[in-house]
Amino acid sequence: MAPPASYVQNLIFVILCSFLLQFFSFASSQSFIGVNYGIVADNLPAPEATAKLLQSTSIGKVRMYGADPAIIRALANTGIGIVIGAANGDIPALASDPNFATQWVNSNVLAYPDSKIIVITVGNEVMSSVDQSLVSLCLPAMQNVQNALNAASLGGKIKVSTVHSMAVLASSDPPSSAVFNSGFSDTMRSLLKFHSANGSPFMINPYPFFAYESDPRPETLAFCLFQPNSGRVDSATGIKYLNMFDAQVDAVRSALNAMGFKDTEIVVAETGWAYKGDPNEIGPSVDNAKAYNGNLINHLRSKVGTPLMPGKSIDTYIFALYDENLKPGPGSERAFGLFKPDLSMTYDAGLSKNSQTPTTPTSPATPTTPATPSPVQAAGWCVPKPGVSDAQLQSNLDYVCGQGLDCGPIQPGGACFDPNTIASHAAYAMNLLYQTAGRNPWNCDFVQTAALTSNNPSYNGCIYPGGI
């Protein structure tokens, strides 16, 4: 018997509401995407203009390295989460004087009731800083800040943490073998007990950018940029990692687990890729920066997670919102900005709200390039470049079909199985990924073995998805 019309109408209404809820949740800021807002520059736009810029993007959180009053005020009533920081130079006073900690919280937190402050970081990369006297003072400083928040009834609302570089790990390859540097083991254990007691996150700065600088092989670049590659197998677990970000984050997860803190949350406080640098620097380029940050954002949106933390998106703060033209060091240090001082994009990393599309998670052990359509329509199809070796095409083919995409048409009996050649099958698969992943130019890169075309490669009954 057919269900009554009212039941069908109600069912349609529920499905429609569910779709709209999902759509509007993606058409707004996303809490797991954050950005670092450094101000070592003399050409930055006004904080009020920056606040409007952020509201036009899917960025849900901002991390500051200090507690600039103008920025905190500008972000009031925007819904954007704010991470403020106590500088390394503040640590001795915060550690030794509870009254100083109380005054710090009063001045930088309580003074801004309409601003959504979510985390206070006490120091930045203290463990690897030149002043090693700060290492033993970091935890007492954090505790005094926590006590000040508790006294203001904010202890459960605002978390206290500190930010670490990857140097706190004695090793990170393979990820499952990672442990913390033995020189910090007692201090680290005490810090982790603090995190466990207060429900605060362990904050880390993984940079595949620097990993590539130390190992500038083409296969390493593809691994770092979330592009097709042969992967790296963790010999202890058998897990194949297909991107450096997951490998680095899982190394931190393994080190935390080895110390017995399996429930401590990880937050990526910094990661990014420079778009230009000095002539002797390896890795900086607009294409690389766009690929890394764009594919990272896609990866986070997919909610695939990492092999050791599947099915969730780790809160990740991209470095950085703007270039900081007064920073010292090599040229790349001044070229991480996603946006220019005039508020235009340095390149399109897919952060605008109209470039978001819900995606379906795939296997956590494989990378993903989920749908994030570019506002600019690209060419119709993605095909291999002439002269690419069968070995490289086979690698591309394995990568695409390992994503969980429908490779049925190029399997025996499929409409595109003939001609039964690696070149033909890879061409179909590479285009399939391009169409599925959002038709962005970087989705048709395949380690520079593919190109876009306006000529439809379909033949006989084999139909390539896509079109102008």
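**View 1. The second largest pocket has a volume of about 310 Å³.** This is a predicted model: local features need pLDDT of at least 70, side-chain atom pairs count only at pLDDT 80 or more, and totals for chains, interfaces and linings use all residues. Residues are numbered from 1 along each chain as its sequence is written, and side-chain values use heavy atoms, without hydrogens and water. A pocket is an open set of points on a 1 Å grid over the protein atoms alone, where a 1.4 Å probe fits, with protein on both sides within 12 Å along at least five of seven lines; lining residues have an atom within 4 Å of a point. The volume is the space filled by probe spheres set on the points. Here 14 residues form the lining, and Gln227, Asp287, Asn288, Asp445 and Gln448 lie nearest the centre. Helix α11 (286-302) gives the largest share, four residues. Helices are DSSP runs of H or I, at least four residues; strands are runs of E, at least two.

**View 2. The largest pocket holds about 840 Å³ of space.** Of its 38 lining residues, Glu125, Asn205, Tyr207, Phe210 and Glu270 are the closest to the centre. α10 gives the most, with three residues.

**View 3. Strand β11 (residues 266-271) is largely enclosed by the rest of the structure, because six of its six residues are buried.** Buried means under 20% relative accessible area (1.4 Å probe, protein chains only). Strand β8 (residues 202-205) pairs with β11 in the parallel sense over three bridges; pairing needs at least two DSSP bridges. Met203 stands opposite Val267 in β11.

Note on methods
Buried means under 20% relative accessible area, exposed over 50%, partly exposed in between (1.4 Å probe, protein chains only).
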